[in-house]
2 protein chains.
Amino acid sequence: MKHISSRDNPLYKRLARLGDGKRDGHTMLEGIHVCQTWVDRYGMPELALFDGERLAQNAELGALAQALGSRVALSCDSRLMRNLSQVEHGQGVCFLVSVPEPLRPASVAESCLWLDRVQDPGNVGTLLRTAAAAGIHHVYLSEGSAAAWSAKVLRSAQGAHFSLSIYERVDLLAERDKLKVPLIATALAQARSIYTLALPRHCAWLFGHEGQGVQPALLAAADERVFIPQAPGVESLNVAAAAAVCLFEHRRQWLDQAADFRNAL
Amino acid sequence: MKHISSRDNPLYKRLARLGDGKRDGHTMLEGIHVCQTWVDRYGMPELALFDGERLAQNAELGALAQALGSRVALSCDSRLMRNLSQVEHGQGVCFLVSVPEPLRPASVAESCLWLDRVQDPGNVGTLLRTAAAAGIHHVYLSEGSAAAWSAKVLRSAQGAHFSLSIYERVDLLAERDKLKVPLIATALAQARSIYTLALPRHCAWLFGHEGQGVQPALLAAADERVFIPQAPGVESLNVAAAAAVCLFEHRRQWLDQAADFRNAL
């Protein structure tokens, strides 16, 4: 296996340049779990860089390196790996991969999550994780949202990326016509309490920018505006917390209906 | 007003040392909104430092400085303020305050939030914000949780600190006897679906460490263990998202009962 000892190595420089965000459709994955999941779902990375010291000690890393083969797997000095790592205790392996860009369905007939300029990577990651846990499979992000495959989003999402189809830089307003399910937006004004609403089996959930909420044109295009009844004088939930409440209220209502259906049989 | 131009000034050094965490029972607050709220709720800070340039231009900052008086209000060079600031665009004022340490109630008869070693400051901040929005007034944090009045937690909580009584470094197991309401913990095993449970009007909600969950001894002391039904094969929610689901399911059930009660009148 080729070993890199200099930070001037062009392959190493390419990874280092990716830093915390994706560039030119590429991103860096970090850690054995996420890298292994990548291989299972998408196959070979463009490049895999292993911490040489750890590689010698860790059977799991060794097996991954062997499976990848010497065309993509390289090792490097520990100090180079530490320099690359976004987390405090590096995990011995980084992948350079090209970001998946799934084709958007021509029409959308199942529940999905729409994010309008949600900027904080931690929020976007938590939203992806919550969506996956709620049984949603498709997430649409507008221009101006945090890059879904950046290191910080990957970290917060804890693997949710791999059970979702994630569409980025989507013109949500133009996408509106493809929706065959109701579009439900959270809003503070002219909205109904989510707890008084019988939610449809499938819908598109729309959440907006941390400070400004959903942009007016999109809000106007929604079929329903909902709010979460909060304690008087507080009225403020983090966008990812609000989405957790909505997506799981949806799940609760549907689980109830499923139970009613089973009971009626 | 006294003006500081050197980073060797002892008062400035004291603020700078606080950095991102609290030390010796003190913390740094940043921004006009949080500082103003501090004055409204707790009165004078020990020290208030204003960005001299901004102070001259901004009437709101000027009014605050005047109200505080020259005994606590100082100005400094903009570059010193930028060096102190935890946020990208500083907001012109910092307070040095002693962290509120409210006395714990001798017995607890209303809903509250218990956090067992929740480590991420962003999670703790979001949990505080969600608790306040759900109408909870008391939050207990164990040893090993993120410091509630640190800059990162304050930033995520968006002012929730000021509508809560926050108790830190609490021995939660020892506190158990003071609870006159059921203790409900989230757990993955031997737990009931939160959606099948009629939640009591008041309870103590217990959430645990991001990776390990609630520690076994505390879990054993809980009156009820609940889980949130998730999509098969995913089974993972961020702790702050899980708390949002639980606290607002609680709120939903109680709002329902309140509506039933009103309807019955």
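Analyst: Helices (H or I, at least four residues) and strands (E, at least two) are runs in the DSSP assignment, numbered from the N terminus. The model is predicted: local features need pLDDT of at least 70, side-chain atom pairs count only at pLDDT 80 or more, and totals for chains, interfaces and linings use all residues. Residues are numbered from 1 along each chain as its sequence is written, chains are lettered from A and ligands numbered from 1 in the order in which they are written, and side-chain values use heavy atoms, with hydrogens and water left out.

User: Good. In which strand is B:Ser165 found?

Analyst: B:Ser165 belongs to strand β8 of chain B, which covers residues 165–170.

User: Is B:Ser165 buried or exposed?

Analyst: B:Ser165 counts as buried because its relative accessibility is 18%. Buried means under 20% relative accessible area, exposed means over 50%, and partly exposed lies in between, using a 1.4 Å probe and protein chains only.

User: What is B:Ser165 in contact with, apart from its sequence neighbours?

Analyst: With neighbours within four places in sequence left aside, B:Ser165 is in contact with B:Pro102, B:His137, B:His138 and B:Val139. Contact means heavy atoms within 4.5 Å. B:His137 is 28 residues from B:Ser165 in sequence, yet their C-alpha atoms are 6.1 Å apart in space.

User: Switching to chain A: how many helices and strands are there?

Analyst: Chain A has ten helices and twelve strands. Its C-alpha trace spans about 60 × 45 × 40 Å along the principal axes. Of the 265 residues in chain A, 52% are buried.

User: And what share of the contacts in chain A joins residues at least 24 apart?

Analyst: The share is 82%, counted among contacts between residues at least 6 apart in sequence.

User: Where does A:Leu247 sit?

Analyst: A:Leu247 is in helix α10 of chain A, residues 239–264, and its relative accessibility of 3% makes it buried. Leaving aside neighbours within four places in sequence, A:Leu247 is in contact with A:Thr130, A:Ala131, A:Ala134, A:Ile136 and A:Trp205. From A:Leu247 to A:Ala134 the separation is 113 residues in sequence and 6.3 Å between C-alpha atoms.

User: What about A:Thr130; which helix holds it?

Analyst: A:Thr130 lies in helix α6 of chain A, residues 121–133. A:Thr130 is buried, with a relative accessible area of 1%. Beyond neighbours within four places in sequence, its contacts are A:Ala244, A:Leu247 and A:Phe248, together with B:Leu237 and B:Ala241 from chain B.

User: Now the core: which residues touch the most other members of the largest nonpolar core?

Analyst: They are A:Phe50, A:Phe95, A:Trp205, B:Phe50, B:Phe95 and B:Trp205, in a core of 124 residues. A nonpolar core is a set of buried Ala, Val, Leu, Ile, Met, Phe, Trp, Tyr and Cys residues joined through side-chain atoms within 4.5 Å. With neighbours within four places in sequence left aside, the contacts of B:Trp205 include B:Cys112, B:Trp114, B:Ile136, B:Leu247 and B:His250.

User: Next, helix packing. At what angle do α2 and α4 of chain B cross?

Analyst: The axes of α2 (residues 32–42) and α4 (residues 59–68) in chain B cross at roughly 30° and come within 11 Å. That angle makes α2(B) roughly parallel to α4(B). Angles under 35 degrees count as roughly parallel, over 145 as roughly antiparallel, 65 to 115 as roughly perpendicular and the rest as oblique. Axes are lines fitted to C-alpha atoms, for helices over the stretch in contact, and angles run from 0 to 180 degrees between N-to-C directions.

User: Which residues make that contact between α2(B) and α4(B)?

Analyst: On α2(B) they are B:Ile32, B:Cys35, B:Gln36 and B:Val39, and on α4(B) they are B:Glu60, B:Leu61, B:Leu64 and B:Leu68.

User: One last topic, backbone angles. Which loop holds B:Gln190?

Analyst: B:Gln190 lies in the loop between β9 (183–186) and β10 (192–193) of chain B. B:Gln190 has a positive phi of about 50° although it is not a glycine. Most residues other than glycine have a negative phi. At 71% relative accessibility, B:Gln190 counts as exposed.

User: And what is phi for A:Arg117?

Analyst: Phi of A:Arg117 is near 55°, a positive value in a residue other than glycine. A:Arg117 lies in the loop between β6 (112–116) and α6 of chain A, and at 19% relative accessibility A:Arg117 counts as buried.
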